[in-house]
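Subject: Handover of a structure

Dear colleague,

Please find below the structure that I am handing over to you. I would be grateful if you kept it open while reading the notes that come after it.

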Amino acid sequence: VQLQASGGGSVQAGGSLRLSCAASGTIFSIPVMGWYRQAPGKQRELVATITSGARTNYADSVKGRFTISRDNAKNTVYLQMNSLKPEDTAVYYCNAAVISGRWLEGRDYWGQGTLVTVSS
C-alpha cells in the first residue's frame, strides 16, 4: 500500500490550497484517513481526520477554515485549506488506517509529505 500526496505550494496569507492523497495497492478498506502537519522545530500534529462514513474531526486551530473530504471509490482524501495563515506553514502528511492483505490486517500508512508555505 502506498499513499501519494500532492497539492502543496506557496501562497499568501488569506489564500487557499487543496491537498490530495491517493492510496493504492491491494486494499480491503480504509476506515480512517487524515492529515497531519509538522512545522519546523515542532512535533507532528493532527489537522483533520475523516472516517469511511464521512465523520470528521478537526484540530481547533483549523476549524472553520479547513475542510476534509474523501472519495471512497478512489481511496482518496482531500484537504481544502482556506483563509491560510503563516502559522499554517508546515509539511503536511496524509495518513490512512488500512485494512489489507490475506488476513485483513490493519496498519497505518503515511504519505511522503507535501510542503505548504504561507507568507504574510
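The notes below cover the disulfide, the strand pairing and the loops.

This is a predicted model, in which local features need pLDDT of at least 70 and side-chain atom pairs count only at pLDDT 80 or more, while totals for chains, interfaces and linings use all residues. Residues are numbered from 1 along each chain as its sequence is written, and side-chain values use heavy atoms, with hydrogens and water left out.

**The disulfide**

A disulfide is a covalent bond between the sulfur atoms of two cysteines. Here, a pair of cysteine sulfur atoms within 2.5 Å is taken as a disulfide, and the count by this rule comes to one. The bond joins Cys21 to Cys94, with an S to S distance of 2.0 Å. Distant parts of the chain are linked in this way: Cys21 belongs to strand 3 (residues 17–24) and Cys94 to strand 9, 73 residues apart. Strands (E, at least two residues) are DSSP runs, numbered from the N terminus. Because the torsion about the S-S bond of Cys21 and Cys94 is about 50°, the disulfide is right-handed.

Cys21 is buried, at 0% relative accessibility, and Cys94 is buried with a relative accessible area of 0%.

**The pairing of strand 4**

Two strands pair if DSSP finds at least two bridges between them. Strand 4 (residues 27–38) runs antiparallel to strand 9, and nine bridges join them. Tyr36 stands opposite Leu46 in strand 5. The hairpin of strand 4 and strand 5 has six residues between the strands, and Gly41 takes a positive phi near 80° in this hairpin.

Most residues other than glycine have a negative phi. Which residue has a positive phi of about 50° although it is not a glycine? It is Asn75, which lies in the loop between strand 7 (66–71) and strand 8 (76–81). Asn75 counts as partly exposed, at 22% relative accessibility. Leu104, also not a glycine, has a positive phi near 50°. Leu104 lies in the loop between strand 9 (90–100) and strand 10 (105–110), and is partly exposed because its relative accessible area is 44%.

Yours sincerely

Methods
Helix = DSSP H or I, 4+ residues; strand = E, 2+ residues; numbered from the N terminus. Buried < 20%, exposed > 50% of the residue type's maximum accessible area, 1.4 Å probe, protein only.
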